[in-house]
Amino acid sequence: MPLLEELQTKIAQGAFEFSRHALDQSLRRHINVQEIGEAFDNADIIEDYPKDKYGPSCLALGFTTAGRALHIQCSHPTRPLVKIITLYEPDPALWDNLRTRKP
């Protein structure tokens, strides 16, 4: 099963957890669990970090049903629970089309 499909399945099943940083950021940025699920329903993997310091991870872009764009960095789905590492609304000043980092 491709990486994105595995992530979507685990997120839909609630098989994920937050890092301390992600929990803090979700509270500060008012991003709730429902929005994470909605964003993963239509997500694309825009960056992959197979050699990340703490284990393979990736950055997904998805949109809530209200149209809110979210970037969600999470672990690859190799563990029973996907770890949400950080999440935020991408700043258009830093991203082209919300998918590519501006130089």
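These notebook entries record what I looked up in a predicted model.

**Entry 1. The sheet**

I began with the strand order. I found an open sheet of 5 strands, ordered S1-S5-S4-S3-S2, with mixed pairing. The edge strands are S1 (16-18) and S2 (44-49), each of which pairs on one side only. From one strand to the next, the twist averages 30 degrees.

I then went through the pairings one by one. Strands of a sheet pair through backbone hydrogen bonds, in a parallel or an antiparallel sense. S1 and S5 are parallel and share 3 bridges; within this pairing, Glu 17 has Lys 83 of S5 as its bridge partner. S4 and S5 run antiparallel and are joined by 4 bridges, with Ile 72 standing opposite Leu 87 in S5. I noted that S4 and S5 form a hairpin with 6 residues between them. S3 and S4 also pair in the antiparallel sense, over 7 bridges, and Ser 57 stands opposite Ser 75 in S4.

**Entry 2. Helix H3 on the sheet**

Which strands does H3 touch where it packs on the sheet? I recorded S1, S3, S4 and S5, and an angle of about 90 degrees between the direction of H3 and that of S4. I listed the buried residues of H3 as Glu 35, Ile 36, Glu 38, Ala 39 and Phe 40. These buried residues pack against H1, S1, S3, S4 and S5. At the start of H3, I found a side-chain oxygen of Asn 32 within 3.0 Å of the backbone nitrogen of Gln 34.

**Entry 3. The nonpolar cores**

I looked up the largest nonpolar core next and found that it has 17 residues. Those with the most contacts inside it are Ile 11, Ile 36, Phe 40, Ile 72, Cys 74, Ile 84 and Leu 87. The elements that give two or more residues to this core are helix H1 (3-12), helix H3 (33-41), strand S3 (57-63), strand S4 (69-75) and strand S5 (82-88). A second, separate core has 7 residues, including Ala 69, Tyr 88, Trp 95 and Leu 98.

For Ile 84 I wrote out the contacts, leaving aside residues up to four places away in sequence: Ile 11, Phe 16, Glu 17, Phe 18, Ser 19, Ala 22, Ile 72, Gln 73 and Cys 74.

**Entry 4. Strand S5 and Thr 86**

Why do I call S5 largely enclosed by the rest of the structure? I do so because 5 of its 7 residues are buried. The side chains of Thr 86 and His 21 are joined by a polar contact of 3.0 Å. Beyond four places in sequence, Thr 86 touches residues that include His 21, Ala 22, Gln 25 and Arg 29, and also His 71, Ile 72 and Gln 73.

**Entry 5. Leu 61**

I placed Leu 61 in strand S3. Is this residue buried or exposed? Leu 61 counts as buried, because its relative accessibility is 1%. Among the residues it touches, not counting those up to four places away in sequence, are Asn 42, Ala 43, Asp 44, Ile 46, Leu 98 and Arg 99. I also checked Leu 61 against His 21: they are 40 residues apart in sequence and 19 Å apart in space, C-alpha to C-alpha.

**Entry 6. The aromatic pair**

How many aromatic pairs does the structure hold? I found 1. Phe 16 is buried at 15% relative accessible area, whereas Phe 18 is partly exposed at 26%.

**Entry 7. Positive phi angles**

Most residues other than glycine have a negative phi. I therefore noted two entries of positive phi. His 30 has a phi near 55 degrees; His 30 sits in the loop between helix H2 (20-28) and H3 and counts as exposed, at 64% relative accessibility. Leu 98 has a phi of about 65 degrees, also positive, and its place is the loop between strand S6 (95-96) and strand S7 (100-101).

Definitions and conventions. Residues numbered from 1 in each chain as written. Predicted model: local features only at pLDDT ≥ 70, side-chain atom pairs only at ≥ 80, totals over all residues. Heavy atoms only, no water. Core = buried A, V, L, I, M, F, W, Y, C linked by side-chain atoms within 4.5 Å. Buried < 20%, exposed > 50% of the residue type's maximum accessible area, 1.4 Å probe, protein only. Contact = heavy atoms within 4.5 Å. Pairing = 2+ DSSP bridges. Axes fitted to C-alpha atoms, helices over the stretch in contact; angles between N-to-C directions. Phe/Tyr/Trp six-rings, centres within 6.5 Å; stacked < 30°, edge-to-face > 60°. Polar contact = N/O pair within 3.5 Å; in protein donor to acceptor, adjacent residues only side chain to side chain.
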